[in-house]
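Welcome, and thank you for opening your viewer. Follow along one stop at a time, selecting residues as you go.

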Amino acid sequence: MSIHPVAGRARVTLGALAAKKAAGEKIVMVTAYDYPGAQIVDAAGVDIVLVGDSAAMTVLGYDSTVPVTVDEMIMLTAAVRRGLSTPLLVADLPFGSYEASDELAIATAQRFIKETGADAVKIERGGTTVDRARALVAAGIPVVGHVGLTPQTASSLGGYRAQGRTADSASRVIEDALALQDAGCSLLVVEAVPSAVTSVLMAQMGIPVIGIGAGADADGQVLVFHDLLGIYDGGAARFVKRYAEVRGAMVAGVSSYASEVRSRVYPAAEHTYGMPAEEAERLAALFAGRAGGARSVG
Ligand code: KIV
């Protein structure tokens, strides 16, 4: 077990997560997308940090997860790595970066592991993704599966809506989960399914299962950083619980700054660098003979 010198906490490993599951201890996972966000979730002592491709929407302003690129996700994941001490770091492989072949999946995942220091990669869906998962595991790359609502292919699922609401649809979710487990995945995320589906799933799974909108039976929970902290205005999915209203505090802070600049309250003396009086006098004398008047630009 390696102990982080600063935090004094043990690094979270896949083995430690399996042990938590065996002991019935809940696992806490949250997304992060940058260095300060990583430092915040690290200080809060979470177990797993996911650089989700939800970054496409939360920090890059796209209207779905589909457009985000490997290069964008690598930059964000590397920044998160620099802000973490002990949590396990998982990176989402973006849409289009792994599905077409085992070779593509391995090449993309190796970039994430080498260039960002991620501990594992997450890929979505069952079907052909199961083969990709098997190939990645064989290449020595830990894999997290993701079933239920899979945002990268939300349009083929009828949009961002709960999955598994009929026995047939639920059994497809569970079969996908079992296939990913058999392929060697170390963890599974299950998103937006009824709790009755999760409870059947849990009786079948040996690997830790992390739920999001999947009820209370999963081994752990994951939420999106911006959702749980209230960084966004407006609505969120049914499963989101807001634990803070950070947006309001941020808007208020920037508004106060704007108002103090305009009213000349900021910067005050305590925010201003001093200069010895004789140096200030000498400087004034150096420029005293020069033509006055502010330079005009343009
Ligand atoms: O991209 C993401 O943030 C995710 C979580 C919602 C699980 O996949």
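Start by selecting aspartate 131 and arginine 134, which form a salt bridge whose closest N and O atoms are 3.3 Å apart. Keep in mind throughout that you are looking at a predicted model.

**Second stop: helix α5**

Next, select glutamate 115 and arginine 111. They form a salt bridge as well, with 2.9 Å between the closest N and O atoms. Both are found in helix α5 (residues 102-116), and four residues, about one turn of the helix, separate them. Glutamate 115 is partly exposed at 42% relative accessibility, and arginine 111 is partly exposed at 30%.

Move on to arginine 282 and glutamate 279. In this salt bridge the closest N and O atoms are 3.7 Å apart. How far apart are the two residues in helix α11 (residues 277-288)? They are three residues apart, which means about one helical turn lies between them. With 52% relative accessibility, arginine 282 counts as exposed, because the cut-off for that word is over 50%. Glutamate 279 has a relative accessible area of 33%, so it is partly exposed.

How many salt bridges does the structure hold? The total is twelve.

Now center the view on the ligand. Which residues surround it? Select Thr31, Leu50, Gly52, Asp53, Ser54, Asp92, Lys122, His146, Val189, Ile212 and Val224 to see them. If you color this shell by class, you will find four nonpolar, four polar and three charged residues.

Zoom in on three of these side chains, one after another:

- Aspartate 53 places a polar side-chain atom 3.1 Å from an oxygen atom of the ligand.
- Serine 54 has a side-chain N or O atom 2.5 Å from a ligand oxygen.
- Lysine 122 has a polar side-chain atom 2.9 Å from an oxygen atom of the ligand.

How much of the ligand does the protein bury? On its own, the ligand exposes 260 Å², and the protein buries 96% of that.

**Last stop: valine 80**

Finally, select valine 80, which you will find in helix α4 (residues 70-83). Is valine 80 buried or exposed? Its relative accessible area is 0%, so valine 80 is buried. To see what it touches, display Ala32, Tyr33, Asp34, Ala38, Val49, Val51 and Leu89; these are its contacts when residues up to four places away in sequence are not counted. Valine 80 and glycine 37 are 43 residues apart along the chain, yet their C-alpha atoms are separated by 7.5 Å.

Conventions: Residues numbered from 1 in each chain as written. Predicted model: local features only at pLDDT ≥ 70, side-chain atom pairs only at ≥ 80, totals over all residues. Heavy atoms only, no water. Salt bridge = Lys/Arg side-chain N within 4 Å of Asp/Glu carboxyl O. Buried < 20%, exposed > 50% of the residue type's maximum accessible area, 1.4 Å probe, protein only. Near = heavy atom within 4 Å. Polar contact = N/O pair within 3.5 Å; in protein donor to acceptor, adjacent residues only side chain to side chain. Areas by Shrake-Rupley, 256 points an atom, 1.4 Å probe, with all protein chains shown as cover. Nonpolar A, V, L, I, M, F, W, Y, C, P; charged D, E, K, R; others polar. Contact = heavy atoms within 4.5 Å.
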